[in-house]
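Open the model in your viewer and keep the selection panel at hand. The tour goes stop by stop.

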Amino acid sequence: MKEERCVRAALLCLGVLCCSQGLAGERARPSLHGHRERGKEGQVLHRSKRGWVWNQFFVIEEYTGPDPVLVGRLHSDIDSGDGNIKYILSGEGAGIIFVIDDKSGNIHATKTLDREERAQYTLTAQAVDRNTNRPLEPPSEFIVKVQDINDNPPEFLHENYHANVPERSNVGTSVIQVTASDADDPTYGNSAKLVYSILEGQPYFSVEAQTGIIRTALPNMDREAKEEYHVVIQAKDMGGHMGGLSGTTKVTITLTDVNDNPPKFPQSVYQMSVSEAAVPGEEVGRVKAKDPDIGENGLVAYSIIDGDGMDMFEITTDYETQEGVVKLKKTLDYETKKSYSLKVEAANVHIDPKFISNGPFKDTVTVKIAVEDADEPPVFLKPSYIFEVQENAASGTVVGKVHAKDPDAANSAIRYSIDRHTDLERYFVINAEDGNIKTIKTLDREEMAWHNISVFAVEVHKQHQETKVPVAIKVVDVNDNAPKFAAAYEAFVCENARSNQQFITISADDKDDSANGPRFIFSLPPEIIHNPNFTLRDNRDNTASVLVRREGFSRQKQDLYLLPIVISDGGVPPLSSTNTLSIRVCGCDGSGSLLSCNAEAYVLNAGLSTGALIAILACIVILLVIVVLFVTLKRQKKEPLIVFEEEDVRENIITYDDEGGGEEDTEAFDIATLQNPDGINGFIPRKDIKPEYQYLPRPGLRPAPNSVDVDDFINTRIQEADNDPTAPPYDSIQIYGYEGRGSVAGSLSSLESATTDSDLDYDYLQNWGPRFKKLADLYGSKDTFDDDS
């Protein structure tokens with residue numbers, strides 16, 4: 001603090017000295033009132049008049065003295081000192097920050113100034129006559145500059161920096177550049193001249209004093225030894241000299257990894273074991289070479305490079321755990337070989353050429369694998385079996401034999417059985433001792449051509465050791481099915497058919513195998529081989545054509561013929577069957593097209609059926625009935641008593657000052673009962689009565705237009721209604737005969753008074769005020785009438 005005060009005091013003195021020298025120098029200048037100067041050649045030069053003697057002023061920032069700071073003094077050449085001249089100051093900060101003595105011209109700063117907020121102020125000075133305020137000199141501008149002091153410490157752009165540099169980098173490798181700024185004036189003194197230095201982080205890093213660039217200072221920094229460093233950098237102004245202000249920042253520097261370490265197995269030999277019952281692909285064990293590098297630099301690939309188990313085992317790399325996984329490649333047999341040896345190599349995937357001199361980036365290890373004896377299940381001599389048996393074979397026919405053995409040294413006895421889930425119909429049985437499979441039912445190839453069953457083999461003394469083998473049994477076909485028509489044929493022949501005319505082609509079908517089926521032979525039975533009506537021709541392609549033998553058929557004589565046809569197959573021995581073809585006689589046109597037969601299915605109707613016509617007529621009748629009902633309902637709706645051709649907008653007006661009906665009387669006032677805009681000048685038609693004579697408006701009444709005042713309009717309509725003998729009493733605004741069900745006051749109407757015998761006292765109506773005077777007079781006169789009678 002003492003050093004800072006000393007610096008500020010020195011700067012203040014320096015500023016005052018500069019101001020004084022400026023004023024003194026300006027005063028020493030000759031007066032500019034009409035002076036002449038000679039040029040180099042003796043020419044007289046006329047210079048413009050300048051009445052002010054002044055200079056550019058300076059004021060030191062952050063001045064905290066007890067008195068206002070003297071900025072400078074303004075003086076005019078015409079000021080003789082008699083006090084007749086008045087100095088006026090205007091411009092930026094005039095009267096607030098800067099004040100002037102109007103007699104002496106001294107300018108003072110009344111507030112502490114901060115150059116970082118504002119570096120200079122532009123002011124205007126003028127000299128006027130004190131008595132008349134007449135300007136004696138034209139206004140003149142001058143500048144007051146705020147002179148800087150070192151009152152702002154350096155500030156870094158970031159409070160914390162993060163940087164990375166590869167491990168084992170050379171000395172002087174650039175890491176990061178930190179930058180600080182100083183708000184002080186860089187053009188004045190050394191207040192903003194910064195020097196960088198390192199406070200923490202030696203001897204690993206250094207910083208350039210002028211640029212702030214951080215560099216490595218030690219060679220071969222190892223990330224595996226230390227990965228992160230914390231460095232503190234200082235920026236100091238005043239060129240780093242004593243008395244300067246400073247600021248600091250923290251820099252976190254992380255060493256990034258390079259591949260400078262080869263993988264290394266922690267042991268020279270790995271011992272593993274695997275059961276002979278293991279299946280190929282099963283994991284045997286794992287090895288791992290350690291590499292302190294990270295990321296891609298630490299990736300290791302494993303491989304088997306030698307050993308007697310190269311064909312039996314394989315190794316893969318688990319890149320998540322960086323382990324080598326030894327897996328079984330082929331099935332093992334303990335009785336054949338009991339141990340294997342492997343030589344496994346671990347090598348880096350990515351190698352950095354700069355560190356290749358560190359040695360080979362790989363390592364090897366020996367893996368010994370012992371095969372363990374396992375109690376193995378029986379093994380069939382074949383993976384699957386295929387047998388054949390003829391259909392219709394007798395029960396007990398041998399289909400085939402399966403055989404299994406115990407691979408263990410004990411060579412236990414084997415028992416066989418059929419999986420009944422694969423032989424639900426129980427067509428087969430197996431001998432439990434020798435594995436012979438026999439039939440127990442007759443087989444039919446046409447029902448099932450193949451039977452797929454499974455046979456179990458289990459050790460006699462170890463029931464849990466079980467093996468299953470698939471057995472496929474093919475049923476061999478025998479010619480046991482005669483051929484038949486391929487479809488249910490029904491033939492038609494025309495009455496005018498010609499002789500030898502073909503009218504249908506037939507084919508056959510045989511359920512037996514193709515060896516016992518086609519070729520089919522078609523023929524007529526011997527007893528009708530000379531049939532007078534039809535003949536048969538074998539086309540020798542498993543089809544036959546039926547032809548007409550004579551002309552002139554008649555439906556009236558016979559409309560149906562049955563023709564037996566014999567079909568034989570090509571099996572050994574061949575089978576045949578007799579099939580009957582139905583032939584109908586039909587009427588045809590000249591081109592041979594069918595017109596009509598006895599069968600109704602072939603009668604073509606050109607028009608609509610009777611049922612369809614009836615349905616259409618029924619739909620039409622129903623639609624007509626619906627229309628008539630709709631029209632009838634429309635006519636039954638009520639029509640208004642008075643027909644209005646146009647709605648009056650004033651019908652929407654609702655008044656709230658009438659007594660109206662009770663709580664349940666929701667019918668609003670309808671102004672349409674008072675006015676018919678279209679009937680003002682004539683008679684209003686009514687539908688409820690027929691007037692005896694035509695009503696003519698009185699000549700003294702003037703029709704009221706729609707836009708008149710409502711009060712005048714109502715009075716006019718009331719007067720018209722009073723003079724209209726044909727109008728029923730529809731001119732009332734509300735009817736007061738109904739208060740509504742549940743009203744507290746009950747009914748005020750006297751319409752039902754005649755139906756009761758009770759006498760009520762209505763004297764209290766006299767106390768209800770002038771509003772109910774008329775009502776009191778009406779009910780109060782009852783006694784008078786009674787007395788008079």
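**Stop 1: a paired position**

Select Gln120 and Lys145. Gln120 stands opposite Lys145 in S11. Gln120 belongs to strand S10 (residues 120-129), which runs antiparallel to strand S11 (residues 140-147) and is joined to S11 by 6 bridges. Strands here are DSSP runs of E with at least two residues, helices are runs of H or I with at least four, and both are numbered from the N terminus. Two strands pair if DSSP finds at least two bridges between them.

Before going further, note the ground rules. This is a predicted model, in which local features need pLDDT of at least 70 and side-chain atom pairs count only at pLDDT 80 or more, while totals for chains, interfaces and linings use all residues. Residues are numbered from 1 along each chain as its sequence is written, and side-chain values use heavy atoms, leaving out hydrogens and water.

Now widen the selection to the whole sheet. It is open, has 4 strands in the order S4-S11-S10-S7, and its pairing is mixed. Strand S4 (57-60) and strand S7 (85-91) are the edges, each pairing on one side only. From one strand to the next, the twist averages 30°. Such angles run from 0 to 180 degrees between N-to-C directions, with axes as lines fitted to C-alpha atoms (for helices, over the stretch in contact).

**Stop 2: the whole chain**

Zoom out. The chain holds 5 helices and 45 strands. It has 789 residues, and 34% of them count as buried. Buried means under 20% relative accessible area, exposed means over 50%, and partly exposed lies in between (1.4 Å probe, protein chains only).

Colour by contact if you like. Among contacts between residues at least 6 apart in sequence, 66% join residues at least 24 apart. A contact means heavy atoms within 4.5 Å. The chain exposes about 48400 Å², and carbon and sulfur atoms supply 52% of that area. Areas come from the Shrake-Rupley method with a 1.4 Å probe; for residues, only the protein chains shown count as cover.

**Stop 3: a three-strand sheet**

Select S22, S25 and S24. They form an open sheet of 3 strands in the order S22-S25-S24, with antiparallel pairing. Strand S22 (283-287) and strand S24 (313-318) each have a single partner strand, so one side of each lacks a neighbour in the sheet. Neighbouring strands are turned by 25° against each other on average, direction ignored.

Pick Thr316: Val325 in S25 stands opposite.

**Stop 4: the largest nonpolar core**

Which residues have the most contacts inside the largest nonpolar core? Select Phe503, Phe522, Val546, Ile565, Leu581 and Ile583; the core has 26 residues. A nonpolar core is a set of buried Ala, Val, Leu, Ile, Met, Phe, Trp, Tyr and Cys residues joined through side-chain atoms within 4.5 Å. Among the elements giving two or more residues to this core are strand S39 (502-509), strand S42 (543-548), strand S43 (560-568) and strand S44 (576-588).

Centre on Leu581. Not counting residues up to four places away in sequence, Leu581 touches Phe485, Tyr489, Ala491, Ile504, Val546, Tyr561, Leu562, Leu563 and Ile565. A second, separate core of 25 residues includes Val287, Val344, Ala346 and Ile369.

S43 and S44 pair in the antiparallel sense over 9 bridges. Leu563 stands opposite Leu581 in S44. Strand S40 (residues 521-523) also pairs with S43 in the antiparallel sense, over 3 bridges. There, Phe522 has Ile567 in S43 as its bridge partner.

**Stop 5: the disulfides**

Display the cysteines. The structure holds 2 disulfides, each a pair of cysteine sulfur atoms within 2.5 Å.

Start with Cys494 and Cys588, joined with S to S at 2.0 Å. The torsion about their S-S bond is about -80°, so this disulfide is left-handed. The pair links distant parts of the chain: Cys494 in strand S38 and Cys588 in strand S44, 94 residues apart. Cys494 is buried at 12% relative accessible area, and Cys588 is buried at 15%.

Then select Cys586 and Cys597, with S to S at 1.7 Å. Here the torsion is about 120°, so the disulfide is right-handed. Cys586 lies in strand S44 and Cys597 in strand S45 (residues 594-597), so the pair ties together parts 11 residues apart in sequence. Both Cys586 and Cys597 are buried.

In sequence order, the bonded cysteines pair 1-3, 2-4. End on Cys619, which is partly exposed at 47% relative accessibility.
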